[in-house]
Amino acid sequence: MSGHDHGTAIDHAYDHDHDHADGKGHEQGHGHAGHSHGVSADADRRWLAIALGLIGTFMAVEVVIGVVANSLALISDAAHMLTDAVSIVLALIAMRLAARPARGGFTYGLKRAEILSAQANGLTLLLLAVWLAYEAVRRLMDPPPVEGGLVVVTALAGILVNIAAAWCISRANRSSLAVEGAYQHILNDLFAFIGTAVAGLIVLTTGFRQADAIATLVVVLLMVKAGYGLVRESGRIFLEAAPAHVDPDAVGDRLVGQPPVTEVHDLHIWTITSGQAALSAHVLVEPAGDCHAVRRDLERLLAKEYGITHTTLQVDHVQDALLTVGRAGQETRDAHCADAHGPVHREGPHDH
């Protein structure tokens with residue numbers, strides 16, 4: 001096996017076969033213990049569907065009232081509710097796709113469908129915010145007459161609808177980025193309705209028509225904040241970045257500090273889908289070290305300290321010559337990896 005410890009490969013194969021022989025579909029070895037792929041489907045879909053019904057029904061009513069009242073704030077809220085509905089539909093589709101088993105060329109299945117959904121949600125929020133900001137500024141300069149009474153009543157009703165919809169989605173699994181995206185949409189809409197109600201009350205009591213446009217700008221700020229957060233988080237996953245709470249350099253140093261590990265390189269940490277981190281690395285151990293025991297110990301450490309349970313560790317015995325050179329801090333070309341990816345972690349000070 002070209003220098004690779006064949007016992008590790010056999011041990012891996014044994015663990016893998018044993019896992020599938022237990023009849024329960026639970027993988028106990030090779031870093032798969034205890035993690036669950038995907039989101040719980042049935043309960044989550046039910047809560048999302050209820051929220052979708054509430055949002056869709058009220059949105060249709062609000063569009064009509066917004067046109068009659070000539071209120072940009074109400075129309076912007078209705079447009080925001082449209083993105084709420086789309087985000088829920090996307091979350092439902094993503095959950096359905098993510099539940100499909102891995103097969104063929106899709107070795108992870110379609111679990112990243114929910115990340116596509118989250119990115120679409122974030123982009124729609126940002127694009128809609130641009131349009132609403134333009135309309136709000138235009139109305140600030142030339143405010144049209146607004147029916148304040150209709151705005152107040154509709155906004156109060158919208159607050160109740162959004163509270164109910166937000167409660168429904170909070171009952172679903174918000175560790176899914178797609179579900180979290182839908183939740184953020186509705187939560188922002190709730191704040192927007194509160195602002196719209198205040199604006200309508202100001203128009204009704206003082207006649208200050210610009211309040212409607214100012215309330216719209218508040219909605220825009222909320223939409224930009226939520227949209228940017230979703231795009232940033234989904235973008236990190238698409239770019240195979242490490243989870244935000246995990247420092248790969250610290251993980252590498254922690255691993256190489258375990259005896260009899262002498263070096264860790266080709267360390268990669270990424271996120272498959274929401275809440276499901278994965279790690280792979282090439283680990284070199286002292287010639288007398290037990291590769292099988294080292295692999296099991298490192299997997300336990302990663303699961304306990306970093307919550308990473310989906311791991312692939314290639315464990316080899318380091319050559320005696322490399323042991324001396326590596327500890328001396330001199331650069332050398334590892335016989336196992338001619339072109340190591342990323343920093344090489346060794347005992348003692350080293351570059352990251």
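Visitor: Where does Thr196 lie?
Guide: Thr196 lies in helix H6, and please keep in mind throughout that we are looking at a predicted model.

Visitor: Is Thr196 buried or exposed?
Guide: Thr196 has a relative accessible area of 0%, and because buried means under 20%, Thr196 counts as buried.

Visitor: Which residues does Thr196 touch, leaving out those up to four places away in sequence?
Guide: Thr196 touches Ala73, Leu74, Asp77, Val151, Ala155 and Ala215.

Visitor: Staying with that helix, how do the axes of H5 and H6 cross?
Guide: The axes of H5, which spans residues 148–170, and H6, which spans residues 177–206, come within 8 Å and cross at roughly 160°. Because angles over 145 degrees count as roughly antiparallel, that is how H5 is placed relative to H6. The crossing of H5 and H6 is left-handed, and the residues of their contact divide into 20 nonpolar, eight polar and one charged.

Visitor: Switching to H8, which of its residues are buried?
Guide: In helix H8, residues 248–256, the buried residues are Val251, Gly252, Leu255 and Val256. Seen down the axis of H8, these buried residues fall within an arc of 125°, so they line one face of the helix.

Visitor: And what do the buried residues of H8 pack against?
Guide: They pack against strand S1 (261–273), strand S2 (276–285), helix H9 (291–306) and strand S4 (345–346).

Visitor: Let's take H9 from that list: which residues meet between H8 and H9?
Guide: From H8, Ala250, Val251, Arg254 and Leu255 meet Leu298, Leu301, Leu302, Glu305 and Tyr306 in H9. By class, this contact of H8 with H9 has seven nonpolar, no polar and two charged residues.

Visitor: What about the geometry of H8 and H9?
Guide: The axes of H8 and H9 come within 11 Å and cross at roughly 140°, and H8 and H9 are therefore oblique to each other. Their crossing is right-handed.

Visitor: Stepping back, how many helices and strands are there in the protein?
Guide: The protein has ten helices and four strands, and read along the sequence they follow the pattern α-α-α-α-α-α-α-α-β-β-α-β-α-β.

Visitor: What share of the protein is made up of buried residues?
Guide: Buried residues make up 47% of the 352 residues in the protein. As for contacts, among those between residues at least 6 apart in sequence, 74% join residues at least 24 apart.

Notes. Residues numbered from 1 in each chain as written. Predicted model: local features only at pLDDT ≥ 70, side-chain atom pairs only at ≥ 80, totals over all residues. Heavy atoms only, no water. Axes fitted to C-alpha atoms, helices over the stretch in contact; angles between N-to-C directions. Helix = DSSP H or I, 4+ residues; strand = E, 2+ residues; numbered from the N terminus. Parallel < 35°, antiparallel > 145°, perpendicular 65-115°, else oblique. Left-handed = near helix turned anticlockwise from the far one by under 90°. Nonpolar A, V, L, I, M, F, W, Y, C, P; charged D, E, K, R; others polar. Buried < 20%, exposed > 50% of the residue type's maximum accessible area, 1.4 Å probe, protein only. Arc of directions from axis to C-beta. Contact = heavy atoms within 4.5 Å.
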